[in-house]
Amino acid sequence: MAVPNPKFETSQVLLAAFVAPNGAKWAMDARARAAASLRAMGAPVKRDEYWKYTNPAELTVFPTPVAALLAIDEAPMFDNIDRLKLVFVDGVFDAELSDDLSLEGVEIEPLADALSKDIHWAKDLYGVLEANGQNPVKRPMAALNTAVAGQGLVIRATGKAVKPISVRYVHNAETSDAMVHHLVKIDAGASLTILESGPGAARFNSVMEIDVAEKAAFHHVRTQGRDHERRTMTHMFGRLADDSVFRSFTMTVNGILTRNECVLDVVGNDTKATVGGVCAGDGSDFHHDDTVFITHGSLNSESRQVFKKVLRNGATGVFQGKILVKEGAQKTDGYQISQALLLDDNSNFFAKPELEIYADDVICSHGSTVGAIDENALFYLLSRGVPQAQAQDMLILAFLGEAIDEIDDDALSQDIHDRLAQWMERRRS
Amino acid sequence: MLNIKNLQVGLEEEDKQILKGVDLNIGEGEVHAIMGPNGSGKSTMSYVLAGKSGYKVTGGSATLNGVDLLDMEPEERAAAGLFLAFQYPVEIPGVGNMTFLRTAVNAQRKARNEPELTASEFLKEVRTKAKDLKIDADMLKRPVNVGFSGGEKKRNEILQMAMLSPTMCILDETDSGLDVDAMKLVAEGVNALRDGKRSFLVITHYQRLLDHIKPDVVHIMANGKIIKSGGPDLALEVENNGYADILAEVA
Ligand SMILES: Nc1ncnc2c1ncn2[C@@H]1O[C@H](COP(=O)(O)OP(=O)(O)OP(=O)(O)O)[C@@H](O)[C@H]1O
Ligand SMILES: [Mg+2]
């Protein structure tokens with residue numbers, strides 16, 4: 001008799017726990033394919049190599065771990081900028097709280113609508129980039145999402161969007177288990193900025209598939225909300241055509257478990273991609289994981305990964321970043337840096353930077369550092385009368401600032417900077 | 001003002017004594033100079049007074065206006081009126097010069113229960129003072145000391161001193177790295193702050209700075225001790241003859 005393997009049992013449990021929504025035949029086929037692939041690969045378990053530093057148990061366990069709601073006094077993120085606001089409550093689109101789905105240069109519809117139409121461009125994207133991103137490393141939580149998600153947005157930029165779309169994820173129920181799947185298509189020459197903010201749900205699983213056409217630009221800035229007890233698993237799958245730009249930045253403060261995966265397939269020549277983030281963690285129940293996989297299969301493309309973390313009181317940070325340069329992908333310029341500032345001996349940073357290169361005319365570099373606050377710089381500030389806690393925060397912000405600078409928008413980066421400053425100020429005692 | 005008695009200091013990490021009983025008394029409004037061979041302990045003394053970690057005070061005392069300095073945190077010493085112009089000013093990437101200076105000025109004001117400067121009050125003051133020191137606006141915008149030349153760093157120290165208006169100023173080799181004109185500027189900056197109440201301790205290797213900033217007393221430090229004190233002439237003697245005679249004299 002076969003010994004039951006928890007990996008495969010759990011994948012069955014996961015698929016059974018969510019009701020797969022209805023839709024057009026092509027959509028149901030895509031979901032069925034994803035379900036079959038999840039059954040074949042199994043759910044993530046701690047002993048998987050790709051989950052060595054992050055225990056996936058709380059992402060797959062039932063009942064859903066409870067997450068207390070946090071009363072927040074500050075203004076919601078991105079409220080101060082002119083944007084189209086779209087709101088999800090516990091992973092369900094809320095039309096009442098949202099602006100009309102109309103924006104010049106952009107077509108927007110709910111996922112369920114797009115996936116129930118017999119003919120829709122979404123057919124060529126839904127589950128396609130996700131499936132493509134399952135090689136060479138398996139991403140079961142993304143397959144699960146494709147198989148069962150009924151909520152999300154289908155967004156197509158046909159020109160230069162006049163303002164950003166901001167998607168806010170409100171967490172409103174202590175045991176909500178959300179699956180959100182967005183499709184984003186940026187047509188040739190078009191550009192769009194998507195802002196995401198908020199914790200989303202007690203447990204939040206999101207997938208965004210982004211297809212960036214020739215000379216198109218996709219900008220993404222995300223903050224993951226201050227609710228601490230949440231468990232968050234996100235995937236971004238991007239495909240870059242000739243001369244396109246892809247930029248994504250994420251700020252994370254708090255969170256028991258966050259894993260953000262970003263998988264980019266650079267198929268066009270002369271593209272530019274930047275994936276970056278900052279995270280600030282406090283406490284032994286903080287765990288944050290950035291996992292990035294960029295595949296270069298074209299000529300003269302540039303990619304940057306810039307991640308900074310500040311960790312204290314036993315917090316844990318993880319970075320797994322890979323640059324894969326395929327045969328013939330000449331003149332690739334791949335850069336990767338991951339750095340952590342540990343404020344005490346109890347905090348941990350695990351980094352697994354990887355380069356795999358099959359072309360000979362490329363520039364690729366990676367670096368990873370762990371350090372403490374620079375004592376000389378600290379003393380200099382103190383000697384001018386800046387109080388210890390404030391001086392330390394200034395140095396932390398300076399450290400994180402190098403990643404925040406990757407955001408190609410001064411107002412947004414200032415906003416991120418200010419939020420981090422406030423977060424740190426609240427932690428002074 | 002500043003009273004140092006039999007101050008003995010070693011390193012925290014290793015068993016090494018650097019200051020071996022320093023005595024120094026600087027009264028209100030006085031300017032004292034310290035000269036001495038490399039490695040004699042001049043910077044160590046100024047660091048210890050400012051509160052740098054890594055040193056172990058093994059004996060003696062240091063008070064500022066009667067208050068025990070060595071018992072205070074570095075930022076408290078600054079708020080109490082102590083200022084150290086570093087021999088090697090520290091570069092701090094990512095922290096803007098203006099942000100830093102404004103934070104420092106207002107933190108000290110707050111600690112002294114004085115009203116904080118508004119952004120425009122601060123800006124006005126810093127612009128005037130920077131102009132006097134020929135520090136251009138562009139330098140003010142850059143991160144603290146990053147990419148500054150040696151001389152620019154030293155002028156930036158004096159700008160900070162002028163903005164913070166301390167009562168006891170220690171200048172550790174502020175003249176090194178300065179060109180002749182910059183030295184004059186810096187000396188003028190210092191002299192402008194001499195108001196009969198503020199005191200200065202000027203550490204230098206060269207008589208030239210003391211032509212501009214006239215000291216009341218000159219001390220020679222060697223091997224962790226003040227071995228000789230005298231008037232301005234003592235600096236001239238060092239300039240002309242070096243330390244050999246003085247060292248021989250006290251040996
Ligand atoms: N942190 C340290 N670790 C090891 N040695 C130290 C440390 N700080 C000071 N010293 C030693 O103590 C002695 C005094 O150094 P200090 O910098 O105070 O000299 P100084 O009089 O300022 O010299 P200079 O004129 O060259 O600036 C030197 O021998 C120096 O190497
Ligand atoms: Mg020195």
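Reader: Before we start, what are the ground rules?
Author: This is a predicted model, in which local features need pLDDT of at least 70, side-chain atom pairs count only at pLDDT 80 or more, and totals for chains, interfaces and linings use all residues. Residues are numbered from 1 along each chain as its sequence is written, chains are lettered from A and ligands numbered from 1 in the order in which they are written, and side-chain values use heavy atoms, with hydrogens and water left out.

Reader: What makes Ser43(B) and Gln87(B) donors of the magnesium ion?
Author: Donors are N, O and S atoms within 2.8 Å of the metal (3.2 Å for Na, K and Ca), and water is not among the atoms, so sites may look incomplete. OG of Ser43(B) and OE1 of Gln87(B) lie 2.0 to 2.2 Å from the magnesium ion (ligand 2), so they meet that limit. Ser43(B) belongs to helix H1 (residues 42-50) of chain B, while Gln87(B) sits in the loop between strands S6 (82-85) and S7 (92-96) of chain B, so the pair ties together parts 44 residues apart in sequence. Helices (H or I, at least four residues) and strands (E, at least two) are DSSP runs, numbered from the N terminus.

Reader: Why are Ser43(B) and Gln87(B) called buried?
Author: Buried means under 20% relative accessible area, exposed over 50%, and partly exposed in between (1.4 Å probe, protein chains only). Ser43(B) has 17%, so it counts as buried. Gln87(B), with 13%, is buried too.

Reader: How do you know that Ser43(B) makes a polar contact with ligand 1?
Author: A polar contact is a pair of N or O atoms within 3.5 Å; within protein, one must be able to donate a hydrogen and the other to accept it, and residues adjacent in sequence count only if both atoms are side-chain atoms. A polar side-chain atom of Ser43(B) is 2.8 Å from an oxygen atom of ligand 1, so the pair qualifies.

Reader: Over in chain A, why is Asn80(A) called exposed?
Author: Its relative accessibility is 58%, so it passes the limit for exposed. Asn80(A) is in the loop between helix H3 (57-60) and strand S1 (84-89) of chain A. By contrast, Asp270(A) counts as partly exposed at 38%; Asp270(A) lies in the loop between strand S13 (257-266) and S14 of chain A.

Reader: What makes S1(A) and S6(A) a pair?
Author: Two strands pair if DSSP finds at least two bridges between them. S1(A) and strand S6 (residues 165-170) of chain A have six bridges in the parallel sense, so they pair. Lys85(A) stands opposite Ser166(A) there. S1(A) also pairs with strand S2 (residues 92-93) of chain A, in the antiparallel sense, over two bridges. In that pairing, Val89(A) is opposite Val92(A).

Reader: Why is S1(A) described as largely enclosed?
Author: Five of its six residues are buried, so the rest of the structure largely encloses S1(A).

Reader: What makes S2 and S20 of chain A edge strands?
Author: The open sheet has 10 strands in the order S2-S1-S6-S8-S10-S12-S14-S16-S18-S20 (chain A), with mixed pairing. S2 and strand S20 (363-371) each have a single partner strand, so one side of each is left without a neighbour in the sheet.

Reader: Which strands of the sheet does helix H8 of chain A touch?
Author: Helix H8 (residues 388-404) of chain A touches strands S12 (245-253), S14 (272-282), S16 (302-312) and S18 (333-342) of chain A. Contact means heavy atoms within 4.5 Å.

Reader: What makes the backbone at Asp270(A) and Pro63(A) worth a look?
Author: Most residues other than glycine have a negative phi, and most peptide bonds are trans. Asp270(A) is not a glycine, yet has a positive phi of about 55°. The peptide bond from Phe62(A) to Pro63(A) is cis, with omega near -5°. Another cis bond joins Asn135(A) and Pro136(A), with omega about 0°.

Methods
Axes fitted to C-alpha atoms, helices over the stretch in contact; angles between N-to-C directions.
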